[in-house]
Amino acid sequence: MSSTYSCWPVMLVVYNLPPSLCMKDEFTFLSMLIPGPKQPGNDIDIYLQPLIDELQELWRGVYTYDASEKKFFNMRAMLLWTINDFPAYGNLAGCATKGRYACPLCGENTDAHWLKHSRKMSYCNHIRFLPKNHPYRKKKFTSSRLRNKAPPCPTIPKGTEVAEQLLSVVNNFGKGRKKRSRDEEEDSMWKKKSVFFSLPYWEVLVVRHNLDVMHVEKNVCESIINTLLDCKGKSKDHYQSRLDLQDMGIMPQLHPYEEDNITRLPPATYTLSKSEKKLFCKRLFDLKLPYGYSSKISTCVDVEKHKLTGLKSHDCHVLMQQLLAIAIRGIMEEGPRVAILRLSKLFYGLCQHVVDKEEIVQLELEAAEILCKLEDYFPPSFFDPMIHLVVHLPREVRLCGPV
C-alpha cells in the first residue's frame, strides 16, 4: 500500500463530555488541515503555531456566553494530550522513533541491541519490567532477554526532566536543514524542542502524548502472521536472524548448520509446515462473520500462496483479538501458541469500554510476562519498537482511561 499524497487533519475532541459523546462527529473540531503532497515531518510545529497561540489564549481565559444559564463567564481550556500513530508521535514530541532511543517512554534507559546480520536494533530484556521477586527473574539465562542479569525497571522521565533535557536542543526547521548523522542519532534521542512546551502547563502533565493502540495492534498482528506464515521479505525469522542467534550464543537449537553443502535452518517451535500454513489460511478464508462485524477477511487471504495481504487497521484489530486464536488452534507447539493467545487477550482487555483499575494493574504485569514468554521462542529480530511498545499500553490505559 502506497500513497502519492499525504494530507494531515488536526482534530480537537472535547473530553469533558460523556465518553459516549466525546468521539462523535458532531463534537469533533477540525482545527486545521495540513496540505500535502508530502508529510510535514518535524516541520509540523510551523503549521501548529496558530493552534498553540489559540490554546495559550484559552488557558488565560476567553469571555464567553453561556446559552443555558443566559450569562457570560470566563471560559478556560487546556490541551490534555495528543493521540497519534508512532511516526507522528516522533514528529509532535520531537523524539526519535528508531535507533538506539526508539522508545520515547524508556528514553535514555531504552535497552537496545544492534543485530549485526539483520542490521537493525532489537528491543529485548523485558524482564526488567517485572518485580524484583518475580519467578521469571530466577530462571536460567537462556534467551535474548537475559543477556544481562535482570536489570532494574526503567523509570519514565517526567515532563520537567524532559524540559531540562531540551534546554540545549536547537530547532532547525525548513528544507535547507541538514539531516542528523547516525552518530548524532546515537548521542541524543531529541530531534527538536516540541512547540507544545510553549504551553505553560505542558511539562507538568503526566501523559503528554498517547500511543495509538490500533496502530500498535496492527503492526504486532502483521509481525506475528508474517512470521508464522514465513512470508518472504516480511518474516522476522530468516537466515540473518539465525546468524544473530549464533553470534549472541543463545537458542543453540535454532543455529544454522551445513548439510551436503547446503545451509539449513532448524524449525522453530512456531514454524508451520505447508499443510499447517494452508490450514491456517483456510480457516480464515472460510470464516462467516456477522454483517458489520468486520470487512470480508477472505478477500485478503491467499490460500495457495499462504499469505494475507491488504489488511486494514480494523481487520488486524478483529484478527488479533478474535480470529487469530481460531486460526492457530492445534497447529503449533503449546508454548508459543499460549503466548500469542495471551497477547490477544491482553489487547482485548485494553480495548474494553469500561476498565477496572485493579485489572489494568494486572494487565501491566501481564504485558511484561507475555513479552518475556515471546522472547523464549522468537528471535531478537522479532522485537522491533512496535512489539516493545506493548509493555507501555496498560500504563496509558490506567492513566488516561479506556481506548
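R342 forms a salt bridge with E369 (a salt bridge is a side-chain nitrogen of Lys or Arg within 4 Å of a carboxyl oxygen of Asp or Glu), the closest N and O atoms being 3.0 Å apart. This pair links distant parts of the chain: R342 sits in helix 10 (residues 334-350) and E369 in helix 11 (residues 357-377), 27 residues apart. Helices are DSSP runs of H or I with at least four residues, strands are runs of E with at least two, and both are numbered from the N terminus. The model is predicted; local features need pLDDT of at least 70, side-chain atom pairs count only at pLDDT 80 or more, and totals for chains, interfaces and linings use all residues. Residues are numbered from 1 along each chain as its sequence is written, and side-chain values use heavy atoms, with hydrogens and water left out.

R342 is partly exposed, at 21% relative accessible area. E369 counts as buried, at 15%. Buried means under 20% relative accessible area, exposed over 50%, and partly exposed in between, with a 1.4 Å probe and protein chains only. R342, E366 and E369 are linked in a network of salt bridges.

Helix 11 also holds E364, which pairs with R398 of helix 13 (residues 393-400), 34 residues apart. The closest N and O atoms of this E364–R398 salt bridge are 2.5 Å apart. E364 is partly exposed at 24%, and R398 is partly exposed at 37%. A further salt bridge joins R264 to E259, with closest N and O atoms 3.6 Å apart. The whole structure has nine salt bridges.

Helix 6 (residues 213-228) has 16 residues, which should span 22 Å at 1.5 Å a residue; its end C-alpha atoms are 22 Å apart, so the two values agree. The expected span is 1.5 Å times one less than the number of residues. Helix 6 is mostly covered, with twelve of its 16 residues buried. Among them are V213, V216, V220, I224 and L228. At the N-terminal end, D212 caps the helix: a side-chain oxygen lies 3.2 Å from the backbone nitrogen of M214. Just after helix 6, D230 takes a positive phi of about 55°.

In helix 7 (residues 239-248), the buried residues are S241, R242, L243, D244 and L245. They pack against strand 6 (113-115), where contact means heavy atoms within 4.5 Å. G249 follows helix 7 and has a positive phi, near 70°.

Note on methods:
A polar contact is a pair of N or O atoms within 3.5 Å; within protein, one must be able to donate a hydrogen and the other to accept it, and residues adjacent in sequence count only if both atoms are side-chain atoms.
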